[in-house]
Amino acid sequence: MSSSKKVVLWSKTGCHFCGEVKAFLTEHNQPFENIEVQGNDVLRDVLEVKYGIRHVPVIEVGANGKYEALLEPDLEKLVELLVRQDEVIVV
């Protein structure tokens, strides 16, 4: 796994889908940064500017300031995104 790759999860406490994504990444030893949006409308504004949505989870994978985002909690698509970004995890 390349140390230059980064996974960022935008989530909120109590979100079932966010919890599933966190558990999946943790189970597969995939480090990630969690951005908690609950109670912080400015962060939701950031999501709206970047992706035209205010809901979570949003998963960003990338490096060097270039990220590809998954805007739905689909674990199969997450694996595809990680593989496309040269992040290899064993499922």
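**Entry 1. Ground rules.** I number residues from 1 along each chain as its sequence is written, and side-chain values use heavy atoms, with hydrogens and water left out. Because the model is predicted, local features need pLDDT of at least 70 and side-chain atom pairs count only at pLDDT 80 or more, while totals for chains, interfaces and linings use all residues.

**Entry 2. Overall layout.** I looked up the secondary structure and found three helices and four strands in the protein chain. The elements are DSSP runs numbered from the N terminus (helices: H or I, at least four residues; strands: E, at least two). Along the sequence the pattern reads β-α-β-α-β-β-α. Of the 91 residues, 36% count as buried (buried is under 20% relative accessible area, exposed over 50%, partly exposed in between, with a 1.4 Å probe and protein chains only). I then checked contacts (heavy atoms within 4.5 Å). Among those with a separation of 6 or more, 54% are between residues 24 or more positions apart.

I went through the pairs one by one; two strands pair if DSSP finds at least two bridges between them.
- Strand 1 runs parallel to strand 2 (residues 33–36), joined by four bridges, and S11 stands opposite E36.
- Strand 1 and strand 3 are antiparallel over five bridges; W10 faces V58, and V8 has E60 as its bridge partner.
- Strand 3 and strand 4 are also joined in the antiparallel sense, over five bridges, with V61 opposite E68.

Strand 1, helix 1 and strand 2 form a right-handed β-α-β unit. Right-handed here means that, with the strands pointing away from the viewer, the path from the first strand over the helix to the second runs clockwise.

**Entry 3. Strand 3.** I checked burial along strand 3 and found six of its six residues buried. V58, E60 and G62 lie on one side and I59, V61 and A63 on the other, so that both faces are covered under the cut-off for buried. The hairpin to strand 4 has two residues between the strands, and N64 there takes a positive phi near 55°.

**Entry 4. Helix 3.** Which residues of helix 3 (residues 75–84) are buried? I listed L78, V79, L81 and L82. They sit on the same side of helix 3 because they cover an arc of only 160° around the axis (the arc is that of the directions from the helix axis to the C-beta atoms). E76 and R84, on the other side, are exposed. The cover over the buried residues includes strand 1 (6–11), helix 1 (16–27), strand 3 (58–63) and strand 4 (66–70). At the N-terminal end I found a cap from D74, with a side-chain oxygen 3.0 Å from the backbone nitrogen of E76.

**Entry 5. L47.** I picked L47 in helix 2 (residues 41–51). L47 counts as buried because its relative accessibility is 0%. Leaving aside neighbours within four places in sequence, L47 is in contact with W10, G52, I53, H55, V56 and V58.

**Entry 6. Backbone exceptions.** Most residues other than glycine have a negative phi, and most peptide bonds are trans. I looked for departures from this. The peptide bond from V56 to P57 is cis, with omega near 5°, and P57 lies in the loop between helix 2 and strand 3. N29 has a positive phi, near 55°. N29 belongs to the loop between helix 1 and strand 2. Is N29 buried or exposed? With a relative accessible area of 62%, N29 is exposed.

Terms used
Polar contact = N/O pair within 3.5 Å; in protein donor to acceptor, adjacent residues only side chain to side chain.
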